[in-house]
Amino acid sequence: MQKELDRSEVTLITPDVPMSADIHGGRAKCLQRLIRLNMPVPKTVALPFRTVHRIAAGGVPDTGAILAHFGPQPLLSVRPSSQDPDWGGPGAILNIGMCDVRHAQLCDEIGERAATSLYLRFIQSFATHVARLDDEMFTLPDTPDHEALALALRTYEEEADEPFPQDVGRQLADVLRSMARAWEGTTARILRKAKGAPEDAGLGLVVQQMVLGVGPGDSGSGVIQFVDPLTGERQVTGRYLSQSQGRDALAAGSEALYLTRDPRGPSLEELCPEPFAELVACGERARARLREEMQIEFTLHGGRLAILDAIRVNRGSRAKVRIAVELAEDGIISPEEAVMRVDPQALSELLHRQVAPGAARDVITRGIAASPGAARGRIVFSATDAQASASRGEDCILVRRETTPEDIRGMHAAVGVLTVRGGVTSHAAVIGRGLGLPCVVGASDLRLDRKAKRLVAPDGRRFAEGETITVDGTTGEVLAGAPVMVEAALDGAFQQLLDWADAARDIGVRANADTPADAQTARNFRAEGIGLCRTEHMFFEAERLSVMREMIFADTGEDRAAVLERLLPMQRGDFAELFEIMAGSPVCIRLFDPPLHEFLPSDRQGMRSLADVLDLPLSDVEARVEALEEYNPMLGMRGVRLGVTVPEIYEMQARAIFEATIAASKRGAKVVPEIMIPLVSAMREVELVKTRIDAVAVNVYNETGADFAYKLGVMVETPRAALRAGDIAPHCQFLSFGTNDLTQMTYGLSRDDAGRFMSAYVKARVFPEDPFHTLDIDGVGELLTMGAERARDSVPGITLSICGEHGGSRSAIAFSRAIGLDYVSCSPFRVPAARLSAAQLAIADRQIGDGLEVG
């Protein structure tokens, strides 16, 4: 026999009754707060999580205990009250208690049309959401009259095999049972989990007396909020539906009114000034006391205001920032709390154009969201075509199977990038984030037909060169056509929030910047310097590329040095511009890293053109290209290995850095460049390169007489370098962990190819997350911890950092703080989010230390 639930589990909400969001849910607790603020909230009772869980398991609701609070023949609503409003819940059921007798009473009180409309709406809601009948059988009629009501009652009886229930206790019990079971259902659990709710998240229910908002005098219902939900600007927005019978203009039915005075039509402010003023006062009181911008649901009945509910205003990224800052500036919350209230992802979204919320999305396919923001443009399939498109003033999307360093010119010219292969640390992803270029990679369901110059979608649709598509690097979606976009929006609130964040954080944030444009972006976003300048990206301009190719084909060290003399002034100019832009902030320059074959053509036509330029037989060019080919070039002749075997490259770069340092120091703040050796795995490599760089420094000093300083460091991106950090540290002044390659080598995974199967691995729980997207704390993190400890045991004051793409992620920043790194470095457009994440982590640690609740 089913056991009736304990009466003590039905709580009338009063100002003083014990009420907790952890027990009764957020809506119940919010209603109590509104009551405490002397707002006119209708009588409400709350059922706690445990009661609702028992009802879902078959327990019988004690409707008598609930109804005892409302008097005879009440009209009620039931609403969900989950612990976090973002977790959702079943929809509210209104007008419980409507029956034939109550309908007849309301016909006398508010008119037959209004009473019949209420009854029909309740029948429809009860039939579809409680009795689970076919919703097509219960569409609302255009004219709510006696015949329509009779038809609805007859249809319910035919479909449910019983008359429509007339007892309010029966109706209420069925509603409570239906909502409880809906919360416990599989679909609801999956949806909650996707929103971050725990598996055992509970649901409370609130039962509230209805205030109809229909009848004589000023009557109606609406919602009001006091900020624009997109911008966060202070203004009254919302809607109000007048259902007054007292005004001739509205006697036939209902009419939507503007809330504030408006030349386009009547407004609530004009027609009902006293209730409107009371609403505004309630909003101000809620903002000050609840410390939040609230949306208030209300009704008017005969000119009397009733507040039914209040929820936090649903807001866009721009509004999130502005609301938090203005609450702090008004003294309602502290600056630290404002910092804690904004999701770092919201800052990233503000830096880029986005597809407008609610815009129609014709999804072609989905890939990996590699660089945030959205861009639309014509499809092009080569860097040359992208440059041509840009020269005509036409936006284009560069579509490649996968990008290479030679595509950088095209990426600069395009407004977005789409690749079929690749992961979050692939070439396209890394460069896209650095340029602030929306990028989707790993869209492996697309078929790229380069000969026909078209894309073939998974559903068979074909998109030819020149057709318009949109890439959404925030969601990973590729869209057909050009949906409505919203522009990037940075304002004073954005800067103020980050000023407060900088005051709170305890770890440095630098930017990875390869060009003067990148450096200026980093400067604009207030990075504390450049943590990684990848110099190879400076070599792919047409003029420089041809010189690099000449150098590759030189036969002796003297010949290579002679060719590199022509690159020297170009490199010197690059570095001088970086130093001037950063105005004395540290600049860490990674010496040349990629294998030389990346600078040579791979197709026969390209080799033929190169043979013409170099005045060499085609066979010689083909032989040199073949000689430089490697089975696994990412583990081959690159990085420090080139510096040891082809030392002229590093010597030229070192001279360029030193001469630029002297020039920039004369024009502005003193510059102390940081020179970083890539791909080190042995102490002896550092010794060899350091000896040559020091010799170049002596030569430059002897030639110029100018005194300058520099720092030499190592990029730790091989497991052996992490393990032998204690040996390497005495030969340098800093170590920076390059987590992209370190992850690749630790896992034995190609970061460019892993995207093809990584989603399957994550779904199979082989890895909890893509290790190129989220730093692997257990494996790669252990190498970082060991490397940091051994380096500091050997050289206590050595500077340590992360400069891989992980450096901008919250988890990597938390880990870096935990092991005592000095700074993180990430793409320029990730700097604001990294600054905010670092601040939130520091504030949270202090709150835990002070015994405060982290929120």
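# Strands, rings and charges in a predicted model

Author: Strand E5 (residues 203-209) is mostly covered, with six of its seven residues buried. The model is predicted.

Reader: What makes E2 and E5 a strand pair?

Author: Two strands pair if there are at least two bridges between them. Four bridges join strand E2 (residues 44-47) to E5, and the two run antiparallel.

Reader: What makes strand E31 covered on both faces?

Author: In a regular strand, side chains alternate between the two faces of the sheet. In E31 (residues 823-826), Tyr823 and Ser825 lie on one side, Val824 and Cys826 on the other, and all are buried.

Reader: Which strands pair with E31?

Author: Strand E24 (residues 508-512) pairs with E31 in the parallel sense over four bridges. Here glycine 508 is opposite tyrosine 823. Strand E30 (residues 799-802) also pairs with E31 in the parallel sense, over two bridges. At least two are needed, so two bridges meet the cut-off. Isoleucine 802 faces valine 824 across that pairing, standing opposite it in E31.

Reader: What lies over the face of tyrosine 823?

Author: Arginine 510 does, at 3.9 Å from the ring centre. The distance limit for a charge over a ring is 6 Å. Arginine 192 lies over the face of tryptophan 183 as well, at 3.8 Å from the ring centre.

Reader: How many aromatic pairs are there, and why is the pair of tyrosine 156 and phenylalanine 164 called edge-to-face?

Author: The structure holds 15 aromatic pairs. In the pair of tyrosine 156 and phenylalanine 164, the ring centres are 5.0 Å apart and the planes stand at 80°. Planes over 60 degrees apart count as edge-to-face, so the name follows.

Reader: Why is the pair of phenylalanine 708 and tyrosine 710 called tilted?

Author: Their planes are at 35°, with the ring centres 6.5 Å apart. Stacked needs under 30 degrees and edge-to-face over 60, so the rest count as tilted.

Reader: Are tyrosine 156, phenylalanine 164 and phenylalanine 708 buried or exposed?

Author: Buried means under 20% relative accessible area. Tyrosine 156 has 1%, so it is buried. Phenylalanine 164 has 5% and is buried. Phenylalanine 708, at 14%, is buried too.

Reader: Which aromatic cluster includes Tyr156 and Phe164?

Author: One formed by Tyr119, Phe122, Phe126, Tyr156 and Phe164.

Reader: What makes arginine 846 and glutamate 336 a salt bridge?

Author: Side chains of opposite charge can pair when their charged atoms come close. The cut-off is 4 Å between nitrogen and carboxyl oxygen. For arginine 846 and glutamate 336, the closest N and O atoms are 3.0 Å apart. Arginine 846 lies in helix H33 (residues 831-849) and glutamate 336 in helix H13 (residues 335-341), so the pair ties together parts that are 510 residues apart in sequence.

Reader: What makes arginine 572 and glutamate 659 a salt bridge, and which helices hold them?

Author: Their closest N and O atoms are 2.5 Å apart, and the limit is 4 Å. Arginine 572 lies in helix H21 (residues 557-582) and glutamate 659 in helix H25 (residues 648-667), so this pair links distant parts of the chain, 87 residues apart. Arginine 572 is partly exposed at 29% relative accessible area. Glutamate 659 is at 17% and counts as buried.

Reader: How many salt bridges does a search of the whole structure find?

Author: It finds 59 salt bridges. Arg234, Glu284, Arg287, Glu293 and Asp330 are linked in a network of them.

Reader: Which residues form a nonpolar patch on the surface?

Author: Phe757, Tyr761 and Val766 do, with about 240 Å² of accessible area together. Valine 766 is found in the loop between helix H30 (758-763) and helix H31 (780-794). Patch residues need over 30% relative accessible area. Valine 766 has 44%, so it is partly exposed.

Conventions: Residues numbered from 1 in each chain as written. Predicted model: local features only at pLDDT ≥ 70, side-chain atom pairs only at ≥ 80, totals over all residues. Heavy atoms only, no water. Phe/Tyr/Trp six-rings, centres within 6.5 Å; stacked < 30°, edge-to-face > 60°. Buried < 20%, exposed > 50% of the residue type's maximum accessible area, 1.4 Å probe, protein only. Lys NZ or Arg CZ within 6 Å of the ring centre and 35° of its normal. Salt bridge = Lys/Arg side-chain N within 4 Å of Asp/Glu carboxyl O. Patch = residues over 30% accessible without salt bridge, like charges linked within 9 Å, V, L, I, M, F, W, Y side chains within 5 Å. Areas by Shrake-Rupley, 256 points an atom, 1.4 Å probe, with all protein chains shown as cover.
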